[in-house]
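Please look at the model first.

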Amino acid sequence: MAEDTTGQEDIRWAPRVPKHKIRRLYEWESKGILDEELIEDVGFMLLLRCQAILTIRDAREGRVKCPRCEREGATTIVPRPQERGPDARMECDRCDWAITWGAYHKTYQHKQLHSGGAVAAFETYVKAYGRARTPKAKILAIDRLIHEFHYSLRTDPDQPTRPAAVNLIQGKLTDVARFLDELTYGEAATAELESRRREWRDTVDRIPWMALPAREPADGSDSEER
Ligand SMILES: [Zn+2]
């Protein structure tokens, strides 16, 4: 039987932010300049990305938001049937949108859209960004979000498992972590950013498999890569 892909064409998940935009944001910030347009651009992309992650979280918990109604500015929640298999079919009462759970699932698979152990971080950003009125408040919300972590849900809620930035910034996990570690912070950098950066690095160091290069070799010698 051919796979039923009906309904997928209405779904568009917001992409991750390209690294060059984040890099520029921090380069300007390090010089004490707040580029309002760039902050707005990055901040809004992150907002859409967090909303997509939370929409998928809701869908997995049984509340699927109709994408066709959403485009028209209406919020319609289509309940996911009790029968949880891939063939379970969902139909919107308000418009004609319909999809199987299997087809819906395929639209977000392998795209780093799983909320995992960082739900609170994504929710906090959506609220904080909505409230932020100044470029400064916006950049602080952005900075906080991209330095968040996923935490182990079951075994140990205090154990960080991976940086949340991988859900938000383009690239592979270690690649994105290294990128954050190397962002420019100048003398004019806001104190909050600087201290969060240090906290972030300390937390990364608590994730056993995530070894980033040491910041400054203690003896000043070259740390050769093996
Ligand atoms: Zn609808």
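Helices (H or I, at least four residues) and strands (E, at least two) are DSSP runs, numbered from the N terminus. The contact is made on one side by Ile39, Glu40, Gly43, Phe44, Leu46, Leu47, Cys50, Gln51, Ile53, Leu54 and Arg57 of α2. Contact means heavy atoms within 4.5 Å. These contact residues of α2 and α5 divide into 12 nonpolar, 2 polar and 3 charged. Ala, Val, Leu, Ile, Met, Phe, Trp, Tyr, Cys and Pro count as nonpolar, Asp, Glu, Lys and Arg as charged, and the others, Gly among them, as polar.

This is a predicted model: local features need pLDDT of at least 70, side-chain atom pairs count only at pLDDT 80 or more, and totals for chains, interfaces and linings use all residues. Residues are numbered from 1 along each chain as its sequence is written, and side-chain values use heavy atoms, with hydrogens and water left out.

Two packed helices are described by the angle and the distance between their axes. The axes here are lines fitted to C-alpha atoms, for helices over the stretch in contact, with angles from 0 to 180 degrees between N-to-C directions.

| Helix pair | Axes come within | Crossing angle |
|---|---|---|
| α2 and α5 (residues 119-131) | 9 Å | roughly 135° |
| α7 (residues 173-181) and α8 (residues 191-204) | 11 Å | roughly 145° |

α2 and α5 are therefore oblique to each other. Angles under 35 degrees count as roughly parallel, over 145 as roughly antiparallel, 65 to 115 as roughly perpendicular and the rest as oblique.

α7 passes α8 in a left-handed crossing. Ala177, Leu180 and Asp181 of α7 meet Arg197, Trp200 and Arg201 of α8. That contact has 3 nonpolar, no polar and 3 charged residues.

The largest pocket has a volume of about 400 Å³. Of its 16 lining residues, Arg12, Trp13, Ala52, Thr55 and Glu70 are the closest to its centre. A pocket is an open set of points on a 1 Å grid over the protein atoms alone, where a 1.4 Å probe fits, with protein on both sides within 12 Å along at least five of seven lines; lining residues have an atom within 4 Å of a point. Grid points are joined across faces, edges and corners, and the volume is the space filled by probe spheres set on them. α2 (36-60) and α3 (67-71) each supply at least two lining residues. The largest share, 6 residues, comes from α2. By class, the lining has 8 nonpolar, 2 polar and 6 charged residues.

Overall, the protein chain has 8 helices and 6 strands. Its C-alpha atoms fill a box of roughly 65 × 40 × 30 Å along the principal axes.

Key
Left-handed = near helix turned anticlockwise from the far one by under 90°.
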